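Colleague: Could you walk me through how some parts of this fold pack together?

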Amino acid sequence: MKTITTLSLLGAFASTTAMAQDLPQADNTWFIAAQETIAARVNVQPNTSKAKNVILLIADGNGVGTNYITRLFAGQAAGNYGDEHLLPQDTFPHVALSKTYNTNAQTPDSAGTGTAFHTGVKTKQGVLGVDETLARGDCAGVDAATVANASEIFSALGKQVGIISSARLTHATPASAYAHSADRNFESNDGLSEGCEQKDIAAQLVDAMAAGTVDYAFGGGRRHFIPSDLEDEQGKTGKRTDGTNLIEAAAEAGIQYAWDVDTLAGADLSKPVLGLFTSSHMSYEADRPASEPSLSDLTETAIKALEGSENGYFLTIESGRVDHASHATNAYRTVTDGVEFAEAIAIADALTNDEDTLIIVSADHEHAVAMAGYSGRGAPILGLSMKVDGAGEKYLEEPNLAQDGKPYTTVSFLNGASSVMKEDAQWNGTRNAELTQEMAMDMDYTQEVLVPLSSETHSGEDVAIYAKGPWAHLIGGTMEQNVIFHVMHHAATAE
Amino acid sequence: MNRRQFLATSAAVTTTPCWSSAAEGDLLKMRDIYNKGLGFSPLATSLDGGQIRVEGFMAPPLKADSLFFVLTKMPMAVCPFCEPGGEWPEDILAVYTRRKYEVVSFSRKILVQGTLRLSEHIDPGTGFFSKVRLENSTFRRA
């Protein structure tokens with residue numbers, strides 16, 4: 001009650017009192033813009049319609065900090081300072097913070113987090129579609145620990161189901177939407193531990209498509225669907241050692257197969273489609289050949305395929321390689337894949353109606369990324385930290401220097417392979433004295449890092465949830481990550 | 001022999017090849033050699049058989065006293081030869097050195113000079129399959 005009263009008073013002040021008072025800042029553009037924001041917020045009304053369609057967009061590793069870097073990159077690419085920019089998700093009316101930890105891990109992995117938002121329960125690190133009673137790797141215990149996942153639950157509601165990922169379709173996040181596995185690494189039979197009788201993840205996807213709980217699956221990971229002695233369309237061999245060709249098995253079940261832009265364009269979208277566009281993960285957007293569809297291409301195709309569904313659809317979309325670029329401490333590909341994720345969000349929003357489609361955008365976890373100060377406005381976000389102009393707005397063309405007299409980038413990571421500490425110097429190190437703006441902004445530059453690890457790590461800090469559409473107002477405050485599923489399910493089943 | 005011992009041994013018994021100051025052409029980046037979606041760039045095709053200079057990082061080598069290492073465009077801490085399940089990136093360059101070399105940390109940028117060869121080759125010592133390599137190479141720290 002106290003909160004409601006306070007909010008009401010704030011609303012009254014913003015909409016009436018301030019306007020009525022003669023304030024010296026009343027003509028200030030920041031003041032006016034803020035008044036307009038308040039007026040828009042006052043008009044936000046809860047949508048309590050039933051959600052016919054639910055779209056969940058996850059950028060793996062796109063926490064609040066990473067999203068901020070991408071926002072500035074996109075804004076600067078548009079010719080602005082960057083910080084005034086809004087990504088599509090930034091404009092959504094309802095936002096919350098998501099607590100991402102796994103039941104046994106302060107710093108989560110994508111299997112545990114994917115299971116949280118695709119099943120409604122948190123679980124351990126490394127497992128898929130099972131509850132926390134299962135020890136990772138315990139194949140014999142999978143059945144007893146199995147929980148229903150999003151593809152099973154939403155298809156049972158009569159909805160069609162689509163799954164998209166720019167990673168392998170058998171990778172943790174997309175797999176958590178359809179699979180039950182004691183280990184995320186059981187992507188094909190060759191990865192199963194000895195004596196493990198659980199079905200591998202790729203086989204589970206084809207089973208799900210044959211059973212009708214998944215209708216469209218687009219992503220990478222072809223190698224986990226074909227035998228090790230078979231070359232695919234791109235001359236790469238498969239991983240399977242059981243001789244099974246799951247693409248052929250899918251075809252026998254009436255599921256079409258697409259492997260590039262042309263074969264996807266030629267598919268009959270009124271029927272199920274398995275799209276496997278690369279042997280492993282799909283390309284980073286910065287490296288993507290024209291023959292390979294982008295994440296936004298796949299989003300558009302999936303929505304156009306699903307929109308005729310009489311009872312609506314559930315579509316889960318993962319931008320999987322934001323995470324991989326951060327693991328490599330290559331901020332350029334983090335943000336260029338982040339921009340492509342934003343494009344997919346924009347297309348999903350443009351092709352759907354707020355009245356009947358709930359759209360939720362979030363991340364599974366953040367990375368150990370950090371932004372150093374103090375740059376003036378407009379300093380290239382991937383470049384060196386540049387001095388503030390005390391008399392103006394735009395940054396000065398003079399880098400900030402550390403106490404060692406050397407420049408530093410605004411974006412860095414705490415740990416990773418690009419550590420300043422080198423093995424051939426007995427793990428001592430010094431920073432690069434010759435780092436220039438051009439070097440720092442090169443697309444292959446890897447950020448300066450302190451702690452030497454083979455791969456940069458996730459972090460456990462909160463990530464944002466952005467929502468619009470039916471029951472999006474249930475997203476608010478600081479929430480456990482698994483609540484996302486419950487919001488989607490409530491919206492789809494509300495009477 | 002663990003990696004630290006390997007590095008120390010390599011440093012003690014090998015000779016760092018000298019870097020020619022008369023390197024030909026511009027300093028290339030790894031991405032200059034490949035097209036998006038793989039295949040080689042027109043520039044790489046035009047330079048096949050000629051001397052090039054390219055910058056990158058030395059992936060952790062499998063063997064001491066070797067004349068072979070893999071150049072990557074970004075630091076790569078894990079040696080796919082050594083780690084089960086490890087994977088090479090697709091845009092890499094096999095480097096054959098003129099003489100035994102001193103191992104450089106995977107995160108230290110190096111400049112490599114050698115003869116570009118665009119042809120399939122299997123390294124006899126490691127079984128590493130490559131479609132592009134630098135032969136008779138020398139390198140130095142950037």
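Here are a few questions about helix packing and the sheet, with answers.

Modeller: A word on conventions: residues are numbered from 1 along each chain as its sequence is written, with chains lettered from A and ligands numbered from 1 in the order in which they are written. This is a predicted model, where local features need pLDDT of at least 70 and side-chain atom pairs pLDDT 80 or more, while totals for chains, interfaces and linings use all residues.

Colleague: How are H3(A) and H13(A) oriented to each other?

Modeller: Helices (H or I, at least four residues) and strands (E, at least two) are DSSP runs, numbered from the N terminus. Helix H3 (residues 64–77) of chain A packs on helix H13 (residues 331–350) of chain A at about 80°, with axes 9 Å apart; axes are lines fitted to C-alpha atoms, for helices over the stretch in contact, and angles run from 0 to 180 degrees between N-to-C directions. Since 65 to 115 degrees counts as roughly perpendicular, H3(A) and H13(A) are therefore roughly perpendicular.

Colleague: Which strands stand at the edges of the sheet?

Modeller: Ten strands of chain A form an open, mixed sheet in the order S5-S6-S4-S3-S7-S1-S8-S16-S2-S17, where pairing takes at least two DSSP bridges between two strands. Two of them have a single partner strand each, so one side of each lacks a neighbour in the sheet: S5 (256–258) and S17 (478–480) of chain A.

Colleague: What is the bridge partner of Phe218(A) in S6(A)?

Modeller: Strand S4 (residues 216–220) and strand S6 (residues 273–276) of chain A pair in the parallel sense over four bridges. In S6(A), Phe218(A) has as its bridge partner Gly275(A).

Terms used. Angles under 35 degrees count as roughly parallel, over 145 as roughly antiparallel, 65 to 115 as roughly perpendicular and the rest as oblique.
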